[in-house]
Amino acid sequence: MKKIKIFFAIALLTAFGVTTSAQTVSTSSMQTKTATFKVWGKCDMCKARIEKAVRSDGATSADWNVKTKMLAVTYDPAKTSVDALEKKLASVGHDTEKYRAPDDVYANLPGCCHYERAK
Ligand SMILES: [Cu+2]
């Protein structure tokens, strides 16, 4: 009985080892995704804040268009997601389709950044 248990323990460990190394391989190939979504904002200061926020949250590139309010991002899906990035943006004061920034954070933005709220 004891031998069987040890056998299973080794089999499990081996399986884990294989899984881990397989994941390492897929991560190192760095499959990035791109996405474009709307982020409410107003000026160049918003642009800097928006792009900095998503970069700090795992986006490898970010470009927000002041006129169209569209943010184009490139990110590693193993590290972040559009949902996580939208949450992050709301947390620094910028509404998205999915998440509304907390009123106090929005209120504390510089005057030039007071865009019209999404909802
Ligand atoms: Cu601004």
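These legends describe close-up views of one predicted model.

Residues are numbered from 1 along each chain as its sequence is written. In this predicted model, local features need pLDDT of at least 70, side-chain atom pairs count only at pLDDT 80 or more, and totals for chains, interfaces and linings use all residues.

View 1. Helices (H or I, at least four residues) and strands (E, at least two) are DSSP runs, numbered from the N terminus. Along the sequence, the pattern is α-β-α-β-β-α-α. The chain has 119 residues, and buried ones make up 20% of them. A residue is buried if 20 or more other C-beta atoms lie within 10 Å of its own, exposed if 12 or fewer, and partly exposed in between, with C-beta atoms placed from the backbone. Of the contacts with a separation of 6 or more, 54% come from residues 24 or more positions apart. Two residues are in contact if their C-beta atoms, placed from the backbone, lie within 7 Å.

**View 2. Three strands form an open sheet in the order β1-β3-β2.** The pairing is antiparallel. The edge strands are β1 (33-38) and β2 (59-64), and each pairs on one side only. Two strands pair if DSSP finds at least two bridges between them. On average, neighbouring strands of this sheet are turned by 15° against each other, direction ignored. Strands of a sheet pair through backbone hydrogen bonds, either parallel or antiparallel.

**View 3. Strand β3 (residues 70-75) is joined to β1 by six bridges.** These two strands run antiparallel. Thr36 stands opposite Ala72 in β3. Helix α2 packs on the sheet and touches β2 and β3. The direction of α2 makes about 160° with that of β2. Such angles run from 0 to 180 degrees between N-to-C directions, and axes are lines fitted to C-alpha atoms, for helices over the stretch in contact.

**View 4. Five bridges join β2 to β3.** This pair also runs antiparallel. Ala62 faces Val73 of β3, standing opposite it. The hairpin of β2 and β3 has five residues between the strands. In this hairpin, Lys69 takes a positive phi near 65°.

**View 5. Helix α2 (residues 44-56) packs against α3.** Their axes are 9 Å apart, at an angle of about 135°. α2 and α3 are therefore oblique to each other. Angles under 35 degrees count as roughly parallel, over 145 as roughly antiparallel, 65 to 115 as roughly perpendicular and the rest as oblique. Ile50, Ala53 and Val54 of α2 make the contact with Leu85, Lys88 and Leu89 of α3. These residues divide into five nonpolar, no polar and one charged. Ala, Val, Leu, Ile, Met, Phe, Trp, Tyr, Cys and Pro count as nonpolar, Asp, Glu, Lys and Arg as charged, and the others, Gly among them, as polar.

**View 6. Helix α3 has buried residues.** They are Leu85, Glu86, Lys88, Leu89 and Ala90. Their cover includes α2, β2 and β3. Just after α3, Gly93 takes a positive phi of about 110°.

**View 7. Pro102 lies in the loop between α3 (82-91) and α4 (103-107).** Pro102 counts as exposed because it has 12 C-beta neighbours inside 10 Å. The C-alpha atoms of Pro102 and Ala90 are separated by 7.1 Å. Along the chain, these two residues are twelve residues apart.
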